[in-house]
Amino acid sequence: MRPHILVVGGTKGIGRVVARRLGEDDQTVSVIGRSRPVRDPDQPHIKSWAADVADLALLGATLDAIVAAQGPLSGAVLLQRYRGGGDDWAGELATSLTATRAVIEWAGEHFE
C-alpha cells in the first residue's frame with residue numbers, strides 16, 4: 001500500500017509543486033484548496049477537493065470525505081495561505097492558525 005499524503009493548500013504555487021512531487025514518487029496525494037485544479041492525466045495518484053479551510057465544518061467534512069475515498073493518512077503538508085477577501089487579520093488567523101490546528105487535531109484520529 002502506498003503512503004497517503006494530505007496537502008492543504010496544494011492547488012497553486014509551492015503547494016502544487018509539492019503535491020506533484022509526491023505524486024511522482026508514487027504516493028497517493030489528496031489536495032485541499034479553495035479551487036479544484038484541472039485533473040492532470042500525468043498525475044493519476046493526485047485527487048483534489050475544493051474547500052475553504054476557514055470554514056471549519058466544511059474542512060472537517062472534506063477531511064472525512066478524503067479518508068473515506070483514499071484511506072488513512074500517512075502524512076500531511078500544511079501550506080494554506082489567506083488570499084484576501086474581508087478582514088485580513090481575521091482571515092489570516094482563520095486560515096493559517098485555526099485551520100492548521102483543526103487539521104492537526106483531526107489527523108490524530110486518522111493517521112495510520
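**Talking it through**

A: Let's start with T62, which has its place in helix α2. Helices are DSSP runs of H or I with at least four residues, strands are E runs of at least two, and both are numbered from the N terminus. This is a predicted model, where local features need pLDDT of at least 70 and side-chain atom pairs count only at pLDDT 80 or more, while totals for chains, interfaces and linings use all residues. Residues are numbered from 1 along each chain as its sequence is written, and side-chain values use heavy atoms, leaving out hydrogens and water.

Q: OK, is T62 buried or exposed?

A: T62 counts as buried because its relative accessibility is 6%. Buried means under 20% relative accessible area, exposed means over 50%, and partly exposed is in between, using a 1.4 Å probe and protein chains only.

Q: What is T62 in contact with, beyond its neighbours within four places in sequence?

A: I32, W49 and A51. Contact here means heavy atoms within 4.5 Å.

Q: And I32, what does that one touch, again skipping neighbours within four places?

A: The contacts of I32 include L6, V7, V8, L59, T62, L63 and I66.

Q: Which residues have the most contacts inside the largest nonpolar core?

A: L6, I32, L59 and L63, in a core of 15 residues. A nonpolar core is a set of buried Ala, Val, Leu, Ile, Met, Phe, Trp, Tyr and Cys residues joined through side-chain atoms within 4.5 Å. β1 (4-8), α2 (56-70) and α3 each give two or more residues to this core. Apart from it there's another core of 7 residues, including V7, A19, L22 and V29.

Q: How many residues of β1 are buried?

A: 5 of its 5. H4, L6 and V8 point one way from the strand, and I5 and V7 point the other way.

Q: What does β1 run parallel to?

A: β2, and 5 bridges join the two. Strands pair if DSSP finds at least two bridges between them. I5 stands opposite V29 in β2.

Q: New topic: what volume does the largest pocket have?

A: About 410 Å³. Of the 23 residues that line this pocket, R34, Q80, R81, Y82 and R83 are the closest to its centre. On a 1 Å grid over the protein atoms alone, a pocket is an open set of points with protein on both sides within 12 Å along at least five of seven lines, and lining residues have an atom within 4 Å of a point. Points are joined across faces, edges and corners, and the volume is the space filled by probe spheres set on them.

Q: Which element gives the most to that lining?

A: α1, with 3 residues.

How values were computed
On a 1 Å grid over the protein atoms alone, a cavity is a set of points where a 1.4 Å probe fits but cannot get out, and a pocket is an open set with protein on both sides within 12 Å along at least five of seven lines; lining residues have an atom within 4 Å of a point.
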